[in-house]
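This report is written for a reader who is new to the structure displayed below. Please keep the sequence and the model in view while reading.

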Amino acid sequence: MPVIDQEKCIGCRSCQTICTVDAIHFKDKKCKIDPELCTECYVCFRMKICHEGAIETQDLAGFYKQFQHVLSDPVETHGVTGVTGRGTEEVKTNDVSGRVKKGEVGLSIDMGRPGMGVYLRDAEKVAMACAKAGFKLAPQEETPLAALMPDLNTGKLIDECLNYRLLSVIVEGRCEEEKIKDVLKALMKVQHEIDTVFSLGLISRVDPDGHCKALEYLDELGIPQPHRGKVNPGLGKPLSTA
Amino acid sequence: MTHSLHREGTIDSLERDYALFIYPARGFNYKGCAPKVRRLVEIVYQAGPVNMIATTLRHNLYSGVRPEEVLDSIKEGSRVFSVFNNREGIKEALKGFKAADEGISIVVSGLIDRVREIALEIGLDPHTINISLGVHGGTDRLPPPDIRQFTTMCGHGMVSPLLVRDVIRRINSGKISSWDGSLVLAKPCACGIYNPHRSAELLEELTPLYTVARR
Ligand code: SF4
Ligand code: SF4
């Protein structure tokens with residue numbers, strides 16, 4: 001993890017402005033990184049912000065520390081999914097892979113975003129609430145969080161990881177179109193039980209007439225109607241039978 | 001990875017902000033995709049992106065990478081991300097992709113109606129859509145929306161709210177221009193989709209409303 005060499009630090013505070021989650025604190029005329037708050041995103045290190053060369057990195061001790069870093073730093077590639085960023089292709093390749101099928105709706109629940117960070121215990125709460133409402137959480141081959149989730153049916157994470165803080169992590173999966181209202185309802189409830197935020201993305205195959213059933217429920221659930229989205233215009237050649 | 005989905009701002013400002021991704025699918029069409037991706041990147045260049053990165057590089061066009069380095073770095077499985085500040089550019093790129101017919105997945109992120117309109121104009125049938133349903137949870141602890149317009153342009157959250165305030169302060173105290181401030185903000189974005197043109201416009205609008213106080 002990044003640490004500030006207290007001998008070299010002159011207390012100019014430049015590093016504070018670059019820290020993504022305000023984890024660098026100024027005390028006794030020097031800056032220090034709060035290991036409890038730091039998400040291991042390495043922006044302070046990569047940007048070479050310190051003219052004194054006081055910001056150094058130490059080895060990441062153990063699997064969870066490495067997981068924290070790989071998920072928080074988008075230039076790293078996730079070992080299982082082989083994807084940079086937070087390690088998931090979600091629907092970007094859906095025209096080729098057929099991951100989300102007709103009649104299904106996917107969700108990408110971007111925990112800790114924008115810029116707040118997330119303890120894995122909060123990601124667990126959200127995953128469990130969704131699973132209980134009939135949401136099928138994505139497996140390890142598709143999304144990194146599943147590596148910490150021994151039972152995809154419950155969404156419970158390995159206890160040892162719960163107090164690690166990441167810049168963000170995605171709870172991802174899908175369900176049949178008929179179940180999406182229950183899942184969204186569960187999400188609107190669990191949002192009050194977490195100590196962070198999540199940005200919510202809803203994934204759907206495009207109907208020729210532009211219809212998406214899930215949108216009908218939004219007003220009732222108090223979710224604003226969307227105006228931004230990510231469109232896969234279907235230029236990829238299908239290589240899946242889905 | 002949904003790093004372009006949740007950009008915030010007014011509809012008017014988002015009209016000048018489209019992210020474009022060239023995305024080979026792991027386990028499906030990685031093998032032999034490098035020349036195809038390279039051809040698609042050439043099409044992107046001709047359409048005039050305002051930022052770009054290949055996943056093989058760790059820096060974007062505003063953090064020390066030259067356009068030809070992006071092209072040279074492409075190998076099997078490389079994904080290329082870019083951003084446009086006008087509708088015509090993105091339409092031009094999609095038209096070129098359609099004609100090239102390389103079979104690699106493409107994604108456009110922007111105002112849904114606008115993107116669908118463009119798809120219709122060039123005869124593309126969108127396959128899948130990922131729509132942003134906003135931010136939920138403890139939203140009262142988020143930085144204010146005007147600061148989030150900048151920070152959400154790097155969806156991974158590499159642009160810190162404190163950096164945005166610092167840049168505003170430096171512009172207000174006459175140390176840098178809005179454009180140079182915008183380039184400072186574009187630097188940490190490791191995905192090359194920070195839109196420095198939109199950001200400079202926003203800085204022009206916002207700086208008079210802020211004081212030069214440090215935090
Ligand atoms: S930028 Fe370097 S010298 Fe300045 S406060 Fe941070 S660590 Fe210390
Ligand atoms: S690694 Fe990231 S979170 Fe940790 S101190 Fe550096 S910028 Fe802040």
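## A buried asparagine in chain A

A:Asn232 counts as buried because its relative accessibility is 1%, where buried means under 20% relative accessible area, exposed over 50% and partly exposed in between, with a 1.4 Å probe and protein chains only. The residue A:Asn232 belongs to strand S11 (residues 228-232) of chain A. Helices (H or I, at least four residues) and strands (E, at least two) are DSSP runs, numbered from the N terminus.

The side chain of A:Asn232 makes a polar contact of 3.1 Å with the side chain of A:Asp95. A polar contact is a pair of N or O atoms within 3.5 Å; within protein, one must be able to donate a hydrogen and the other to accept it, and residues adjacent in sequence count only if both atoms are side-chain atoms.

## Basis and confidence of the model

This is a predicted model, in which local features need pLDDT of at least 70 and side-chain atom pairs count only at pLDDT 80 or more, while totals for chains, interfaces and linings use all residues. Residues are numbered from 1 along each chain as its sequence is written, chains are lettered from A and ligands numbered from 1 in the order in which they are written, and side-chain values use heavy atoms, leaving out hydrogens and water.

The pLDDT, the predictor's confidence in each residue from 0 to 100, averages 88 in chain A, where 91% of the residues score at least 70. For chain B the average is 89, and 94% of the residues score at least 70. Within chain A, confidence is lowest in helix H4 (residues 94-97), at a mean of 82, and highest in helix H5 (residues 120-132), at 98. The complex receives an ipTM of 0.89 and a pTM of 0.89 from the predictor.

## A sheet built from both chains

Strands of a sheet pair through backbone hydrogen bonds, either parallel or antiparallel. Two strands pair if DSSP finds at least two bridges between them.

Strand S10 (residues 197-205) of chain A and strand S5 (residues 128-137) of chain B run antiparallel and are joined by eight bridges. Opposite A:Val197 stands B:Gly137 in S5(B).

## Surroundings of the ligands

A residue is near a molecule if one of its heavy atoms lies within 4 Å of it. Among the residues around ligand 1 are A:Cys9, A:Cys12, A:Cys15, A:Arg13 and A:Glu52. The shell around ligand 1 has eight nonpolar, two polar and two charged residues; Ala, Val, Leu, Ile, Met, Phe, Trp, Tyr, Cys and Pro count as nonpolar, Asp, Glu, Lys and Arg as charged, and the others, Gly among them, as polar.

The shell around ligand 2 has nine nonpolar, two polar and no charged residues, including A:Cys19, A:Cys38, A:Cys41 and A:Cys44. A:Cys38 counts as buried because its relative accessibility is 8%, and A:Cys44 is buried with a relative accessible area of 10%. Zero disulfides, meaning pairs of cysteine sulfur atoms within 2.5 Å, are found over all chains.
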